[in-house]
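Please look over the following model with its aromatic side chains in mind.

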Amino acid sequence: MKIDVTDSASKWFQSKMGLSQGNGVRFYGKVYGKTPVHEGFSLALTRDDQPGETYTKTEKDGITYFVDEDDRWFFVGFDLKVDFNPEKDPENVVYTYTPNGDLDK
């Protein structure tokens, strides 16, 4: 699994969550909601500056974006792209799931 955070999304996270170098954002699945890949579950995120055992992570502008190993079930088989589109108010942050073939192995 790969996490891709666009420049505009990185700026949004820094502005809205008060993030700076050394901070982190953890993505995870939560009960209720819907994503293009899971019915009954939605994507959630929280600030987490101390990642434990990670399934995957990426760094952008000094901020670590990651998924814990315990949340692998929600993301396995997909790459996650995080973008920000100011025209899509109120859901400006856009999450795109792209199959990556991990489920075929």
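**Aromatic pairs and a loop aspartate**

Trp73 is partly exposed, at a relative accessible area of 40%; the term covers values between buried, under 20%, and exposed, over 50%, computed with a 1.4 Å probe on protein chains only. This is a predicted model, in which local features need pLDDT of at least 70, side-chain atom pairs count only at pLDDT 80 or more, and totals for chains, interfaces and linings use all residues. Residues are numbered from 1 along each chain as its sequence is written, and side-chain values use heavy atoms, with hydrogens and water left out.

How many aromatic pairs does a search of the whole structure find? The count is nine. Rings of Phe, Tyr and Trp (its six-membered ring) pair if their centres lie within 6.5 Å; planes under 30 degrees apart are stacked, over 60 edge-to-face, and the rest tilted. Trp12 and Phe13 are edge-to-face because their planes stand at 75°, with ring centres 5.2 Å apart. Trp12 is partly exposed at 23% relative accessible area, while Phe13 is buried at 0%.

Trp73 and Phe74 also make an edge-to-face pair, with 5.4 Å from centre to centre and 85° between the planes. Phe74 is buried, at 1% relative accessibility. One aromatic cluster consists of Trp12, Phe13, Phe27, Tyr65, Phe84 and Tyr95.

Asp71 sits in the loop between strand E5 (63–68) and helix H2 (72–75); helices (H or I, at least four residues) and strands (E, at least two) are DSSP runs, numbered from the N terminus. Asp71 is buried, with a relative accessible area of 10%. Neighbours within four places in sequence aside, Asp71 is in contact (heavy atoms within 4.5 Å) with Arg26, Phe27, Tyr28 and Gly29.
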